[in-house]
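Please look over the model shown here with an eye to its helix packing and its charged side-chain pairs.

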Amino acid sequence: MKKMSRKIVVALGGNAILSDDASAAAQQEALKATAKQLVKFVQQGDQLVVSHGNGPQVGNLLLQQAAGSTPKNPAMPLDTAVAMTQGSMGYWLENALGTALADAGIQQDVATVVTQVLVDADDPAFKNPSKPIGPFYTADEVAVERQNHPGYTYVEDAGRGYRRVVASPKPTGIKEANVVNQLVAANVIPVSVGGGGVPVVQEGHQLVGREAVIDKDFASEKLAELIGADLLIILTAVDHVFVNFNQPNQKQLTHVTVAELNDYMADGQFAKGSMLPKIQAAIDFVQNHPAGKAVITSLDNVDQFLKTGDGTIISRN
């Protein structure tokens, strides 16, 4: 019996695309391996929508913009920089996926949608920057950065060094959700909500950009919810979510309910700057789409997930 096609939103982390080498060539090379894994979903008949983070990329772009800014050629604002990375990273993904699909003998188009994501102008996140962007700095390096950029906020990020943080409001809607669904219906693979999407607020008939970066996991969840996806897959650095992570009594989670995850969160189990938003996004999707499920696993584990369902599977009950 033929397997029923599923509509799947796959969220790629920006750090999964960018290695120690920040060159375009290195990031495009990394995406070749990513594309080969994503095509496996298409080969089994799934309808794919791809999203991605851009924290490292947009931070690096802002540094480049600031370094070259002049009165006649000023640096672009943050919302525009997000759109710029949506375009550049979308181009890389289109190229890599197009090649991988052709190598697999599949005729299917890929299209990037520069996506505007609605946020609340009064979201308290605008007064409390929390989203890390750009490169990591040592304590000595960040002291220099603070002198060079006194208007920026830097925080220690999950024990890995210091990074700049910016406002990260929660998404309330996605302007192009219907466009994404039309592309899926036309057998096109959309690349959408890149970097969490461009944050915009509604002012009358106009959408106005805001200086912020939306968390790509929350934006991916909102997109999955609005297009009626069957599955939200959040790809990260580990095959499974763990509790008591890196401790002698650590335990991997395979199948877990929303109630169990809420208990673990109350116990402070998940790191604020890394796993916590993924858990929260997965919970939001399952609660807002009762028939849907969410998965957190790694890109390297896609084969096992497709063969055996291996990964952390989040369900309502």
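This is a predicted model: local features need pLDDT of at least 70, side-chain atom pairs count only at pLDDT 80 or more; totals for chains, interfaces and linings use all residues.

**Helix crossing**

The axes of helix H2 (residues 24-43) and helix H4 (residues 78-103) come within 8 Å and cross at roughly 50°, which makes H2 oblique to H4. The crossing of H2 past H4 is right-handed. On the H2 side the contact involves residues including Leu-31, Ala-35, Leu-38, Val-39 and Val-42, while among those contributed by H4 are Tyr-91, Trp-92, Ala-96 and Leu-97. By class, the residues of this contact divide into 13 nonpolar, 2 polar and 2 charged.

**Salt bridges**

The structure holds 10 salt bridges, and the table gives three of them.

| Pair | N to O distance |
|---|---|
| Arg-6 and Asp-46 | 3.0 Å |
| Lys-40 and Asp-303 | 2.9 Å |
| Asp-217 and Lys-278 | 3.5 Å |

Arg-6 lies in the segment before strand S1 (7-12) and Asp-46 in the loop between H2 and strand S2 (47-52), so this pair ties together parts that are 40 residues apart in sequence. Arg-6 is partly exposed, with a relative accessible area of 21%, whereas Asp-46 is buried at 5%.

The salt bridge between Lys-40 and Asp-303 links helix H2 to helix H10 (residues 302-308), across 263 residues. Lys-40 counts as partly exposed at 23% relative accessibility, and Asp-303 likewise counts as partly exposed, at 29%.

Asp-217 and Lys-278, which are joined by a salt bridge, lie in helix H7 (residues 216-226) and helix H9 (residues 275-288) respectively, 61 residues apart, and both residues are buried. Elsewhere, salt bridges with shared partners join Asp-157, Arg-160 and Arg-163 into one network.

Methods: Residues are numbered from 1 along each chain as its sequence is written. Side-chain values use heavy atoms; hydrogens and water are left out. Axes are lines fitted to C-alpha atoms, for helices over the stretch in contact, and angles run from 0 to 180 degrees between N-to-C directions. Helices (H or I, at least four residues) and strands (E, at least two) are DSSP runs, numbered from the N terminus. Angles under 35 degrees count as roughly parallel, over 145 as roughly antiparallel, 65 to 115 as roughly perpendicular and the rest as oblique. A crossing is left-handed if the near helix is turned anticlockwise from the far one by less than a right angle, and right-handed if clockwise. Contact means heavy atoms within 4.5 Å. Ala, Val, Leu, Ile, Met, Phe, Trp, Tyr, Cys and Pro count as nonpolar, Asp, Glu, Lys and Arg as charged, and the others, Gly among them, as polar. A salt bridge is a side-chain nitrogen of Lys or Arg within 4 Å of a carboxyl oxygen of Asp or Glu. Buried means under 20% relative accessible area, exposed over 50%, partly exposed in between (1.4 Å probe, protein chains only).
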